[in-house]
Amino acid sequence: MSAREQSQSGALSAASRSPCEAAEAAPGRCLSLLPWDRFSAWLHCVCVVIYPQHSKLTDKEKTSICYLSFPDSNSGCLGDTQFCFRFRQSSSRRLSLHCMLDQLDRDLPVSLKKDPAYYYGYVYFRQVRDKTLKRGYFQKSLVLISKLPYIHLFHTVLRHIAPEYFVKNEPFLEAVCSDVDHWPPPVPGKTLNLPIMGIIMKVQIPTCHDKPGTTHIVQFTHEEDAQISIALPTVHEVDLFKCFCPVFFHIQMLWELVLLGEPVVVMAPSPSESSDTVLALVSCISPLKYCSDFRPYFTIHDSEFKEYTTRTQAPPSVILGVTNPFFAKTLQHWPHIVRIGEIKLPGEVPKQVKVKKLKNLKTLDSKPGVYTSYKPYLNRDEEIIKQLQKGVQQKRPAEAQSVILRRYFLELTQSFIIPLERYVASLMPLQKSISPWKNPPQLRQFSQQDFMKTLEKAGPQLTSGLKGDWIGLYRHFLKSPNFNGWFRTRRKEMTQKLEALHLEALCNEDLLFWSQKHTEVETVDLVLKLKNKLFQADREHLPMKPDTMEKLQMHIDAIILALPDDLQDILLKTGTT
């Protein structure tokens, strides 16, 4: 495995450095950047998978990349193939640093936040006949390893650089890495110009403040018209309609399975269909984050193979994409199997395929369809089926079909999650209960029974016309990893809001007057607590009014100046934890 022949460490070692020297600067104005820090903000490394060589990856990670970067031999992928995989980062190398990338991460939608435990691999694989080679084929993969789940962006990058790399080899890759090292930081919400080998990609990364379902149109300026530029409509979305075509009539049932964190395996003829389908499944519950593991392309050589295929315990909450026929037997005990053929946009209306029983799935050559005994909680929405069928008949562009499907999933997810959001908001203590002289009040406990009572008058029926067992769906969801992940995030946000309101209440008090009425010991204790709260507020970016931090610092300074000189010296030098 090599990223640049001139230097064994090259992009690999550079990518393992963290741009923390710029941590305290605004993301757009990074100070004291080291060589390759800009590169590291986007990519961990670039790999040419021929054979493992020295790199700044653990042996386990290198082995995973090597196996995952080639299609299974049975796939028969002649020509050029693109796909994506995801693998665990070695636990010994996981770091949680307060650096520039962590700051950028805070402004991202929850579904695009990077997972510290995983890497993404973006692959461009070429296999062509070559009689001059011993095996009779030229086979090579160019792989981008990144923490960022920007599927469309990195697939676009590979389409522009891989074909030329296969001809020009390492010197060309040197130039590519140099271009990436000149990219601006991946700041959400800004239009970014990303030069790559003679063209400029214009992208805009979504923010957590964007209205779900909206897409920012990247505008060109007159000065840039003379340059070869391409505007990417998205950095992360996949072609939903293309991916769901083989299981057209079961999209709502698949949405339920993903929402509930059920174990699902996608059996496909190639890594491209496998990875696209898994990524489409994960995205269909957006803006809710899928909180379980998912592997767009999974092989028998994966380090988690035994863990995920054991029959000694129930299948884990994970979505796997596989292509090896061996899995048809190994994963027979899994409760939900999606079998797809070669993904092609249909020229005619898709025919309805019934849900099949698991016992009918014998081999990977079985007919496409969904093999499960699962009974959906909700009645099927016939309107979306008719709308998409009509689009096929009228030859509506695939992009427009995907927009319709994405909007349908979004509205379905929002109808489901709004009652939960409304109930959880009611767990927040009243603002009048926040006293500056007491610790912030605690959130009330989540009660499943109380929540269920709210559904009669404020349930999903307010925003969705779908009928069915919504109560049963909620009961199942409350036991799922997706609920646990969602509620942890909401609880953290609300706790931070209480901390922010508590600090604002403190700022509105005359703290200097309070200190004059209390002993020096009590005053020193107050100063230390206030400094600690100030430090935590800055570190956690609490949602406070803009001037709250400044006011609190002024209070601290005034109290310290009123103390004896010896205490002033001690408190001015005292740090925070």
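This is a predicted model: local features need pLDDT of at least 70, side-chain atom pairs count only at pLDDT 80 or more; totals for chains, interfaces and linings use all residues.
Which residues form one aromatic cluster? The answer is Trp-255, Phe-416, Tyr-423, Phe-446, Phe-451, Tyr-474, Phe-477, Phe-483, Trp-486 and Phe-487.

Residues are numbered from 1 along each chain as its sequence is written, and side-chain values use heavy atoms, with hydrogens and water left out.

A search of the whole structure finds 34 aromatic pairs, where rings of Phe, Tyr and Trp (its six-membered ring) pair if their centres lie within 6.5 Å, and planes under 30 degrees apart count as stacked, over 60 as edge-to-face and the rest as tilted. One of them joins Tyr-374 and Tyr-377, which are edge-to-face with 6.3 Å centre to centre and 70° between the planes. Tyr-374 counts as buried because its relative accessibility is 13%, and Tyr-377, at 23%, counts as partly exposed; here buried means under 20% relative accessible area, exposed means over 50%, and partly exposed is in between (1.4 Å probe, protein chains only).

Let me return to two members of the cluster, Tyr-423 and Phe-451. Their ring centres are 5.7 Å apart and their planes stand at 55°, so the pair is tilted. Tyr-423 lies in helix α13 (residues 398–425) and Phe-451 in helix α14 (residues 448–458), so this pair ties together parts that are 28 residues apart in sequence; helices are DSSP runs (H or I, at least four residues), numbered from the N terminus. Both Tyr-423 and Phe-451 are buried.

Note on methods:
Helices (H or I, at least four residues) and strands (E, at least two) are DSSP runs, numbered from the N terminus.
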